[in-house]
Amino acid sequence: MPVKVLVVDDSGFFRRRLVEIFESDPRLKVIGTATNGQEAVDKVQSLKPDVVTMDYEMPVLDGISAVANIMKLRPTPVLMFSSLTHEGARVTLDALEAGAVDFMPKNFEDISRDSTIVKRSLVERVLTVSRTKVMLGEKPVFTAAPKKVAAPIVTSRGVIIPRSRKKIGLVAIGTSTGGPMALQNVLTKLPAGMAAPIVIVQHMPAAFTGAFAERLNQICQITVKEACDGDKLLPGVALVAPGGKQMMIDSRNGGCVRILDGDERLNYKPSVDVTFGSASKCYPGKVLSVIMTGMGMDGREGARMLRNSGSKVWSQSENTCVIYGMPMAVEKANLADDVIDLDDIGYRIAKEVG
């Protein structure tokens, strides 16, 4: 049974091109199109699509308002298209807060080319978004996940490392799809007097991470900023890895971050594995790491390095993830010390760090 798609955009060219791309894959079926937000809201109710692709700047009713109304009337996974600008980032974050699951850059040049890579990326993203959980009313409906007891830490040489409570020197968080709202949930629960610094890797384009950090800083008690090369790791300060770069932890100068271009062969820029791996070397046994919602396996190998150094690894529970990919990879590798529901993660971090 193909996934039913509703395409919403006021640009006739963009609308037609998306329909062509989606209809070229037998796993998708376009059941309708809409040229404005109000038409989108109406067609979601009448056509009952499995997923909606949504522009944000449209007549009659804008994309953000349309998403909010869809979530109230008939919650449906929504993939937003947005421009790669600071304003586009702000609008996208508003759309995610309204209930959209994920976003993609709206690039007319890319979409106009007959590129297999672009087609595959669009189709796979729509298929992934169609399988996600969406907001019902004002907040997601979650059920508690069963707690998991992790296996003992065993090094590559078979040496068992005993666990003991250690002072947390660094909190490291990695996330992707669904991460912006999940991070907002977690970070707003942390007190201003946090005794440890925080580093955050959220898969985002370069134009978005600055606006994202600014928004978090406005609503959190802790300080949140986009990381710059050489920024010191300070208690109560969260550094967000800039999009398109790699963030590594450096133990020199009392602890700081290095922002690098990184290897082009890496799938993710920024990469959770890169940041976690460097943290395991600079803060052996003193990192509290959390893998949250997101597709793929980024963070699994970094979590393995952290566990082998004696640090703690937590993962977000399946029932509270928008995409249960990254946490699943960590749990299947038996690397999670604890599996925690989203609403509890912030409180647990605050308690653990002090």
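Where in the chain is the place of Ser 289? Ser 289 belongs to strand S14, which covers residues 287–291. Before we go further, a word on what you are looking at. This is a predicted model, in which local features need pLDDT of at least 70, side-chain atom pairs count only at pLDDT 80 or more, and totals for chains, interfaces and linings use all residues. Residues are numbered from 1 along each chain as its sequence is written, and side-chain values use heavy atoms, with hydrogens and water left out.

Let us begin with the whole chain. It has 12 helices and 16 strands; these are DSSP runs numbered from the N terminus, with helices (H or I) of at least four residues and strands (E) of at least two. Of the 354 residues, 54% are buried. Here buried means under 20% relative accessible area, exposed means over 50%, and partly exposed is in between, using a 1.4 Å probe and protein chains only. Among contacts in the chain with a separation of 6 or more, 74% are between residues 24 or more positions apart. A contact means heavy atoms within 4.5 Å.

Back to Ser 289, which is buried, with a relative accessible area of 0%. Leaving aside neighbours within four places in sequence, Ser 289 is in contact with Ala 172, Phe 276, Leu 306, Lys 312, Val 313 and Trp 314.

Next, turn to helix H3, residues 63–73, where the buried residues are Gly 63, Ala 66, Val 67, Ile 70 and Met 71. Seen down the axis of H3, these residues fall within an arc of 135°, so they line one face of the helix. The arc is that of the directions from the helix axis to the C-beta atoms. An α-helix has 3.6 residues a turn, so residues three or four places apart point the same way. What covers the buried residues of H3 includes helix H2 (37–47), strand S3 (51–55), strand S4 (78–82) and helix H4 (86–98). On the other side of H3, Lys 72 and Leu 73 are exposed.

The two ends of this helix are worth a look. At the start of H3, a side-chain oxygen of Asp 62 comes to within 3.0 Å of the backbone nitrogen of Ile 64. In the loop between S3 and H3 sits Val 60, which has a positive phi of about 65° although it is not a glycine. Val 60 is exposed, with a relative accessible area of 67%. In the loop between H3 and S4 you will find Thr 76, which is buried at a relative accessible area of 1%. The Thr 76 side chain reaches the backbone oxygen of Arg 74 at 2.8 Å.

Now for the largest pocket, which holds about 1,000 Å³ of space. Its lining has 36 residues, and the closest to the pocket centre are Phe 103, Met 104, Pro 105, Ser 121 and Arg 125. Strand S5 (102–105), helix H5 (108–112) and helix H6 (116–130) are the elements that give two or more residues to this lining. The largest share, eight residues, comes from H6. On a 1 Å grid over the protein atoms alone, a pocket is an open set of points where a 1.4 Å probe fits, with protein on both sides within 12 Å along at least five of seven lines, and lining residues have an atom within 4 Å of a point. Grid points are joined across faces, edges and corners, and the volume is the space filled by probe spheres set on the points.

Finally, visit two other loops. Leu 190, between helix H7 (179–187) and strand S9 (198–202), is buried, with a relative accessible area of 0%. Leu 190 and Gly 346 are 156 residues apart in sequence and 6.1 Å apart in space, C-alpha to C-alpha. Pro 270 is in the loop between strand S13 (256–260) and helix H9 (272–282), and the peptide bond from Lys 269 to Pro 270 is cis, with omega near 10°.

Terms used. A polar contact is a pair of N or O atoms within 3.5 Å; within protein, one must be able to donate a hydrogen and the other to accept it, and residues adjacent in sequence count only if both atoms are side-chain atoms.
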